[in-house]
Amino acid sequence: MKLLIIFPAALILAGPLSAAPQSITLAAATEFAATVSLLKFDGKQGRSTPFFNGYRPGLRFAGSAAEVTCSVSIQGPQDSVSPGESAQVQLRCLDKVVVMKDKPEFVFYEGGRKVGSGVLALPAAAQ
């Protein structure tokens, strides 16, 4: 005689459990520092021209599909960022932004085209 044991599906776990990553919320109009890199145009992504102070791309932060419009102020002596270059900037987003503490990265878009990426410099109190 064979014994058949049936487990309810709710008791079966697939893989290890992990806690949700910690995040911080930055209020709308908060300015924060970031390093950005502008991609060279290759037909599917990037830009063929530089951007200047006041540039307003849509940003998507790691862990979120929401796009937030932010204005960019270039820091330091340069007044523009050309394709293929990186720069230190200040970002000011129109809406609140939720950022993962362990991955404060973002991608920026123009009209659905990926044109660059960046990393936030999170305030010491947020880390």
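Me: Why does F51 count as buried?
Reply: Happy to walk through it. This is a predicted model, and in it F51 has a relative accessibility of 2%. Buried means under 20%, so F51 counts as buried.

Me: What makes F51 and Y55 a stacked pair?
Reply: The structure holds five aromatic pairs. In the one formed by F51 and Y55, the ring centres are 4.4 Å apart and the planes make an angle of 15°. Centres within 6.5 Å make a pair, and planes under 30 degrees apart count as stacked, so this pair is stacked. Y55 is buried too, at 11% relative accessibility.

Me: Why is the pair of F61 and F106 called tilted?
Reply: Here the centres are 5.5 Å apart, with 55° between the planes. Stacked needs under 30 degrees and edge-to-face needs over 60, with the rest tilted, so 55° makes this pair tilted.

Me: What does the pair of F61 and F106 tie together?
Reply: F61 lies in strand β4 and F106 in strand β9, so the pair ties together parts that are 45 residues apart in sequence. F61 is buried at 4%, and F106 at 2%.

Me: Why is C93 called buried?
Reply: C93, in strand β7, has a relative accessible area of 2%. The limit is under 20%, so C93 is buried. Among the residues C93 touches are A28, F32 and T69.

Technical notes. Residues numbered from 1 in each chain as written. Predicted model: local features only at pLDDT ≥ 70, side-chain atom pairs only at ≥ 80, totals over all residues. Heavy atoms only, no water. Helix = DSSP H or I, 4+ residues; strand = E, 2+ residues; numbered from the N terminus. Buried < 20%, exposed > 50% of the residue type's maximum accessible area, 1.4 Å probe, protein only. Contact = heavy atoms within 4.5 Å. Phe/Tyr/Trp six-rings, centres within 6.5 Å; stacked < 30°, edge-to-face > 60°. Lists of a residue's contacts leave out its neighbours within four places in sequence.
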